[in-house]
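Colleague: Can we go through the salt bridges in this one? Keep it short, please.

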Amino acid sequence: MQMPDYVCEELIVEIFTGLPPKSLLRFRSLSKSLYTCISSPGFIRLHTFRSPQKIRFTHENIDNNKIAEVVYTFCVCVPNVDILTKNVLTLWNPSIRRKVRVLECPRSSELPLGGIGFGFDPISDDYKIVWISCEKDSSFIYAVKTGTWCEIASPKPEFTCVLYEAFVFNGVLHWEVYDDRIKSQDIYPPSYILTFDLSNHVFGMIPLPGTVWEWLTTRITTIQDSLALISYRMDVDDTWIRVWRDASWHVVFKLGTGKLPVDGAFQFQPQPQTTNECNLLLRTYGEGVQVYNPKTGMRSRVPDFNVASSLIAFRQCVETLHLLDMGVTACETKQL
């Protein structure tokens with residue numbers, strides 16, 4: 001069976017790039033030409049670009065202490081190939097239930113505790129893992145296409161503590177780092193956001209607002225299509241969200257005195273779209289996952305999936321076919 005003569009290949013590609021990965025996996029068995037088309041790198045790139053924006057919720061089963069994840073369609077856009085660390089690194093794409101075991105990072109046993117980041121490089125059309133080390137001259141970067149690690153120079157200035165997992169935005173990784181040896185703001189601040197461009201492999205630095213003693217950063221995220229910082233000031237019990245624009249921080253949300261601090265947030269537009277308003281999805285300490293309406297100031301709690309589970313996290317994602325030609329089939333759990 002071949003593609004029908006009366007339907008041009010361009011039209012078939014146009015239709016199929018709007019379908020979910022689960023359907024595309026089934027359609028590959030219809031013919032050799034469809035199998036080749038759906039499995040091609042060009043089709044996978046186009047499908048990822050056009051995939052609907054979603055939120056991936058993680059919930060914990062209270063009875064048997066198992067972790068599971070469920071996809072709901074809200075509004076976000078980042079590829080959802082996850083990095084899991086359990087002695088070794090594993091790339092996992094839950095959209096197609098494929099996992100790829102990553103080769104052990106060179107000198108990983110002798111490197112001090114550092115940070116890790118994962119993201120997509122649009123220039124090389126490849127996913128990359130970055131392993132940065134504290135107080136060492138060498139860090140490492142892994143390219144998924146070649147399956148190899150490459151040694152790179154560690155960022156300067158040195159730091160003693162780093163938020164383990166980086167946040168990726170526009171092809172750049174972002175970590176919050178500290179140097180507890182610096183007690184005052186001299187040449188460099190005692191804390192800042194370390195950046196790494198996945199295309200040109202260059203480190204950079206974004207200063208944090210105020211000082212680390214005034215504001216406790218809980219999360220780096222995106223708000224209003226900009227890099228954003230969620231900060232909590234303990235003396236006034238406020239959570240503020242700032243965005244980085246024109247080389248400075250601007251406060252866009254103040255979530256109110258007396259509210260519990262927020263550990264995660266991003267902006268989304270309800271589907272189906274009935275209004276131009278964009279709400280915030282918040283992860284809070286003690287009050288679970290909430291939807292916040294900036295116009296009214298009201299919060300509503302996102303219910304757990306059932307009485308035996310509780311929501312513990314969410315992440316931005318789009319469904320993708322990446323890793324289709326690599327690795328092995330895996331169950332959709334964190335027990336990989």
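**Salt bridges and burial**

Modeller: Start with Glu 14, which is partly exposed at 45% relative accessibility. Buried means under 20% relative accessible area, exposed over 50%, partly exposed in between (1.4 Å probe, protein chains only). This is a predicted model: local features need pLDDT of at least 70, side-chain atom pairs count only at pLDDT 80 or more, and totals for chains, interfaces and linings use all residues. Residues are numbered from 1 along each chain as its sequence is written, and side-chain values use heavy atoms, leaving out hydrogens and water.

Colleague: Which residue does Glu 14 form a salt bridge with?

Modeller: Arg 50, with the closest N and O atoms 3.1 Å apart. A salt bridge is a side-chain nitrogen of Lys or Arg within 4 Å of a carboxyl oxygen of Asp or Glu. Glu 14 lies in helix 1 (residues 9-16) and Arg 50 in helix 4 (residues 41-50), so the pair ties together parts 36 residues apart in sequence. Helices (H or I, at least four residues) and strands (E, at least two) are DSSP runs, numbered from the N terminus.

Colleague: How many salt bridges does the structure hold?

Modeller: Seven. In one of them, Arg 283 meets Asp 263 at 3.0 Å, N to O. Arg 283 sits in strand 20 (residues 279-284) and Asp 263 in strand 19 (residues 262-268), 20 residues apart.

Colleague: Are those two buried or exposed?

Modeller: Both Arg 283 and Asp 263 are buried.

Colleague: New topic. Which residues do shared partners join into one network?

Modeller: Arg 45, Asp 125 and Lys 145. Arg 45 and Asp 125 meet at 2.7 Å, N to O. Asp 125 is buried at 16% relative accessibility, while Arg 45 is partly exposed at 40%.
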